[in-house]
Amino acid sequence: MSIKLRITTRYLLTEQLKLTGWSLVGCAVVFGILPLFLALISGNISQYSPLSNFVNLSLSALFFMLIFIIGILTYDNFKLFIQNGISRPTYFQARVFALLALSGLFVILNAIYYYGIHAPYLHWSANTALMRTGYSLYSHALGSQVWLNILASLCFNWIFYIGVGLTGMACGTLLALFGKWAKTILIIGVPILAMVLMWIIIVVMSRNQSTYNYTGLETFLKFLVGYPSHGEATTGYFNPTMPFITMLIGCGIIGGLAYLFNRKLRIRN
């Protein structure tokens, strides 16, 4: 790693950690101090439980939003680095390295919180806690060793966070290519068009259920989620291989788009 790349990565990661810290402080206020204030003014202070509010905090949702928002923040740092002699490829590589480090940290913090605080407070075993995560379909895929399956779930979450961050980078870099009005139109218009398109697809599929054969699509989707090819499809025993491969391919594609958009960035007057 070159000196410029190392310095750029350190700067980006430091700024992202500051944003993360302030976000956690904000969550502490919302889930701790604000309920206390409401309990005081309503006279229900005896029912206030700071620990209960804390353990119900959804760090995974917070980290999901943060990793996407951090990815979107593109132009200001680009302008800063370009004006200080940092090339576009170096800036992009630094963003990817910072994303890998930050997403890994998010996975570790969320695991410590979920398995070390949330699950014990609710009297869940490690296996019960794992079965209540998004990885539940694959929670027994690696055998009876629950900690081995938890480790696999953490890798799964890490790749997912990386994909979300790369998606944010691609969206943020694409928006940075346009002016204020064009950016506003894209932000408002694209979600509306996506919802209209989804509605059209749902209507067409619902009205033509007897005409079209969706067996091929169903088989493909089952293949992507790791649906067992033999035996009963029991939660916890799906095959995680294809989901892992699908996410890695998706990360490669969206990362490639982000890189192409990054090459087109220009400083606006």
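A: The count comes to zero disulfides, where a disulfide is a pair of cysteine sulfur atoms within 2.5 Å. In general, such a bond is covalent and joins the sulfur atoms of two cysteines. This is a predicted model: local features need pLDDT of at least 70, side-chain atom pairs count only at pLDDT 80 or more, and totals for chains, interfaces and linings use all residues. Residues are numbered from 1 along each chain as its sequence is written, and side-chain values use heavy atoms, leaving out hydrogens and water.

C251 is buried because its relative accessible area is 13%. C155 is partly exposed, as its relative accessible area is 37%. The cut-offs are these: buried is under 20% relative accessible area, exposed is over 50%, and partly exposed is in between (1.4 Å probe, protein chains only). Of the chain's 269 residues, 32% count as buried.

Next, the setting. The chain has ten helices and zero strands; helices (H or I, at least four residues) and strands (E, at least two) are DSSP runs, numbered from the N terminus.

W22 sits in helix α1, residues 3-42. W22 counts as exposed because its relative accessibility is 65%.

Helix α5 covers residues 88-121. Its 34 residues should span 50 Å, and its end C-alpha atoms are 47 Å apart, which agrees. The expected span is 1.5 Å times one less than the number of residues. Just after α5, H123 takes a positive phi of about 60 degrees.
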